Each structure stands twice: as C-alpha cells, then as structure tokens.
Amino acid sequence: MRKLKNNELERLNIEEFKQAEKTPIVIVLDNIRSLNNIGSVFRTADAFLIEKIYLCGITAKPPHKDIQKTALGATDSVAWEYVNETLPLIEQLKSNGYKTLAVEQAENATFLNDFKITQNQKYALIFGNEVKGVAQDVVTASDVVLEIPQYGTKHSLNISVSAGVVVWDLWSKLLDK
C-alpha cells in the first residue's frame, strides 16, 4: 500500500467548495477561548462541507494567525459569521427550520450514538466554552442535548475533538439516509 500525495486526493478548490452542495449542518461556537480550537473546527467544517460556522461572544474571528495555523486556509472556504450573543442566534436558527443540538453533558441528554436524524432536516450543532461548556440558557433553548459517551477518567473532550466526532457522526448518518 502506498500513501497518496496531496495532488492525488482530488480535493475541491475554494470556488468549487463554495459552489458545492453543503451538508445541512451549521456549527455554532459559543464563547470559545482557544484560537487553535476555532481553526480546527474550521478545518473539520471544510472536510465535511458544512454550510456555515457562527462565531459567538468571545470567540475570535478570522483573520488571526493562531486560527490560520490550524485552519490551514479553511477560513477561506467555509462561510462564517460573527454574532455577539448566542441565544438570539439559536432562536433565529430555529425559526429558519434548524433543529438545535447542544453538545453538552446534561440531564436527559441523548447519547450521540442513539441520536436518530430526520430526512430533510437541517441541524445546528452548538459547542461551548472549554471550561464552562455551552451556556445554560442556550442548553435550555436547544431542541436536543447530545452527549458523547465517555468511559475513562476525564470529564470531557477538547472542543475541537468533540466537533470532529459529532460532525462525522451526523454526516455519516445523513449519508446513510
């Protein structure tokens, strides 16, 4: 088996990406502190043709060298918008037909592996602050709380890892439909 070279991967260029049909998912970053985490989420969004990323509250926005360091140009391909407050955005997304999914550990949360997608449904995935998680008012306003099952000693995963796990899970479930 031979590793493929980058020019053999047949990736889209930025214009082709912008014209491509997108996965019916947007990502909401609720007060993310780490610029490297933000960049990593952009890169995941690019990999799975995510519609848009919303950067909320203290979440930094491009261009910034520490975001670019991990995004590797994905800030040029993935649509994004800065929004000052997360809660009004969640209400707006719901009124535009998105099912809002807060990724958090909460009472009555649905384990990610048990979550069933609905055909022709748009989803908004909400990821929270590295220390405090998704704000309680945003959790309360969300349609569903998704929890990534964990069985070790740690209480959480890094936000960029969580985004990769959840986006891939929903993307693969959407492909199966």
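User: What makes the crossing of α2 and α7 right-handed?

Analyst: α2 passes α7 in a right-handed crossing, and that label applies if the near helix is turned clockwise from the far one by less than a right angle, anticlockwise being left-handed. Helices here are DSSP runs of H or I with at least four residues, strands are E runs of at least two, and both are numbered from the N terminus. This is a predicted model, where local features need pLDDT of at least 70 and side-chain atom pairs count only at pLDDT 80 or more, while totals for chains, interfaces and linings use all residues. Residues are numbered from 1 along each chain, and side-chain values use heavy atoms, leaving out hydrogens and water.

User: Why are α2 and α7 called roughly parallel?

Analyst: The axes of α2 (residues 35-47) and α7 (residues 159-176) cross at roughly 15° and come within 8 Å. Angles run from 0 to 180 degrees between N-to-C directions, with axes fitted to C-alpha atoms, for helices over the stretch in contact. Under 35 degrees counts as roughly parallel, over 145 as roughly antiparallel, 65 to 115 as roughly perpendicular and the rest as oblique, so α2 and α7 are roughly parallel.

User: What makes β3 and β5 edge strands?

Analyst: The open sheet has 7 strands, ordered β3-β2-β1-β6-β4-β7-β5, with parallel pairing. Two strands pair if DSSP finds at least two bridges between them. β3 (79-83) and β5 (110-111) each have a single partner strand, so one side of each lacks a neighbour in the sheet.

User: How do you know that β1 and β6 pair?

Analyst: 6 bridges join β1 (residues 23-30) to β6 (residues 122-128), and the two run parallel. Val26 stands opposite Ala124 in β6.
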